[in-house]
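Please read it beside the model.

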Amino acid sequence: MKALEDLILKIGKVDRRWIFLVLAIAVFIPIIKPIGMPIRATETTKVVFNTIENLPENSKVLVSIEYSPSTKPENHPMTISILRHLFRNNHKVFVTCLWPDGQFMAQDALKQVAEEEFGKVYGEDYVFLGFRPGNEAVIKGIVSNIRKLYTVDVYQTKIDEIPLMDGIKNFKDFAFLFSCSAGYPGTVEWVQYAADPTGVPMSSGVTSIQVNEVMPYVQSGQMKGVLAGMPGAAEYEALMGQKGFATSGMDAQSIAHLVIVLFIILGNAAFFIERKRSRKY
Amino acid sequence: MSMTVILGAWIAVFLTFGIFSYLYKDNPFYKTAEHLFVGISAGYWASIFFWTQIQPNLFGRLWPSSEFSAESLWYKIYNGLSFLSTSVFPPGGIDKGHDMHLSYLIPFALGIMMLLSLIPKLNWFARWGIAYTVGMAAGLRAYGYLNSNVLGQIKGTAASFTDPNMPFFSLTSVSTFNSLVILVGTITGLLYFYFSKEHKGVLGKASKVGIYFLMISFGASFGFAVMGRISLLIGRFVDLIKYSAGDYNNATLWVLMIMLIILGYDAFKSRKTPPVNEEAV
């Protein structure tokens, strides 16, 4: 028993750089050699899927991109899956960005899904409105008069010359909003300034860190489900039946979590053993 | 593959390893990556803000091409500005689909006032701009929080305990048990932050229950934070694996090897160098 306690104490005092290395190996190996752990959709992901599935054909859907390359592994698979779902069901998609970098993320996702996978026509099936600075003020602008805020799209084409923009005046003209968010301004602001005051249903895909912040909105019914981090994206890919980046990352995610839990247990055990010994002497 | 793509991959690999190298210790690779990130981010944001907001939405409303008149004094000023930069002030006015709105001179003036904070003698002007921004933000947020975070949450989580159709226990939907947990958690959590009376007796016990609710919430936040960070690590690793291929001239392997040799040599050299005796100095 004493030998085991000594070993745990030794592990408890190990240089943190060794822990980083172990974690890096634990993430690296499952990426190279995937295990193929099962992915089951949680209730919140199913709600997002069903909400989009139940939209009538040709619904006008606003997709807002609020993330940058720094959270691309979490948010981008969500955007791709959501766009796939919307285009597969023949909905009309309008893309805005509250983050400047979001413009490039959206451009990348639209090129992959709208152009290459579905061959959708710009201006008739989807519009890319782009980024406007102003955070909440941009949302308020979309809610009150989108044409005043966006006079041109991202390619500098006048809004009046885009056929899909006919009849779009404000946020109430959309049937649904999906916000793919990594922080401020993002999902919370869309709930506060758009969805709640107008009653237009919305869902969101958020980074793991934001989940605790937005979950109260889901539970109170202010939001129709949420895609929670990379697992949420992987679950949506599973529901769509089209595996992608998020699914391939889930093995590494699970193994890394096990390693972290193990280190937390060992660290706590070392702390209690040390305390017990110091009391003894 | 084009040379620019390969060069981009090499830069991405270098910057990724540069940031990761901080886990070992602070070093010139990390410093280079950090300074590049800060500098490029600032420049990128400034450029995006100017070309998506100031040029089209501010200047575009002050000097729209739709109302251009070479005879008017207002457009004579514009022509003078056009002499400075034709890309910002193109000849014949700015064509972004706006009508003329001279009221936009007010935000223009406030913006200039904020920039005057750089001049010590005139920096008091900046208070006007800041006062407007703070006032507007406070007004916007007060409404949003009151409507969505207070009223919306109360309305959404309020449950009728006498409803015979509500199940006593359910993990995924509204139930009497869940409603009781929310009720107890909210009240005891609030009591923990009630400082007008000493936390003794019933209040002490209730606030202790509140602490447990807060601890569970912090634990969930920590778990999600870890999950988020691991997702980002997976993203970087996937890119590093991709860039290790021959198409990218084995960028990952070369950069890793060179960095390890330089950091290893530095560690070897500093081990041989005797530590400086500070007292003697």
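Is A:Lys2 buried or exposed? With a relative accessibility of 56%, A:Lys2 counts as exposed; the classes are buried under 20% relative accessible area, exposed over 50% and partly exposed in between, with a 1.4 Å probe and protein chains only.

1. Basis. This is a predicted model, in which local features need pLDDT of at least 70 and side-chain atom pairs count only at pLDDT 80 or more, while totals for chains, interfaces and linings use all residues. Residues are numbered from 1 along each chain as its sequence is written, chains are lettered from A and ligands numbered from 1 in the order in which they are written, and side-chain values use heavy atoms, with hydrogens and water left out.

2. A:Lys2 and its partner. A:Lys2 forms a salt bridge with A:Asp6, at 3.3 Å from N to O; the criterion is a side-chain nitrogen of Lys or Arg within 4 Å of a carboxyl oxygen of Asp or Glu. The two residues are 4 apart in helix H1 of chain A, about one turn of the helix. Helices here are DSSP runs (H or I, at least four residues) and strands are E runs of at least two, numbered from the N terminus. A:Asp6 has a relative accessible area of 32% and is therefore partly exposed. An α-helix has 3.6 residues a turn, so residues three or four places apart point the same way.

3. Other salt bridges. Over all chains, the search of the whole structure finds 17 salt bridges. In one of them, B:Asp26 pairs with B:Lys31, with 3.5 Å between the closest N and O atoms. B:Asp26 is partly exposed because its relative accessible area is 42%, and B:Lys31 is partly exposed at 35%. Another joins B:Lys200 to B:Glu198, with closest N and O atoms 3.6 Å apart; both of these residues are exposed. In chain A, salt bridges with shared partners link A:Lys2, A:Glu5, A:Asp6, A:Lys276 and A:Arg277 into one network.

4. Nonpolar patch. A nonpolar surface patch of about 1,100 Å² includes A:Met1, A:Leu4, A:Leu7, A:Trp18 and A:Phe28 among its residues. Helix H1 (2–12) and helix H2 (16–32) of chain A are the elements that give two or more residues to the patch, and H2(A) gives the most, with 6 residues. Patch residues have over 30% relative accessible area and no salt bridge; nonpolar side chains (Val, Leu, Ile, Met, Phe, Trp, Tyr) are joined within 5 Å, and like charges within 9 Å. A:Leu7, in helix H1 of chain A, counts as partly exposed because its relative accessibility is 47%.

5. Helix H3 of chain B. The 12 residues of this helix (residues 73–84) should span 16 Å, at 1.5 Å a residue, and the end C-alpha atoms are 17 Å apart, which agrees; the expected span is 1.5 Å times one less than the number of residues. B:Tyr75, B:Tyr78 and B:Ser82 are the buried residues of H3(B). They cover an arc of only 45° around the axis, so they lie on the same side of H3(B); the arc is taken from the directions from the helix axis to the C-beta atoms. These buried residues pack against helix H2 (28–62) of chain B, contact being heavy atoms within 4.5 Å. B:Leu73, B:Phe83 and B:Leu84 are exposed on the other side of H3(B).

6. Helix H7 of chain A. Of the 12 residues of H7(A), 10 are buried, so the helix is largely enclosed by the rest of the structure. The buried residues include A:Trp190, A:Tyr193 and A:Glu189. Just after H7(A), A:Gly199 has a positive phi of about 80°.

Note on methods: Areas by Shrake-Rupley, 256 points an atom, 1.4 Å probe, with all protein chains shown as cover.
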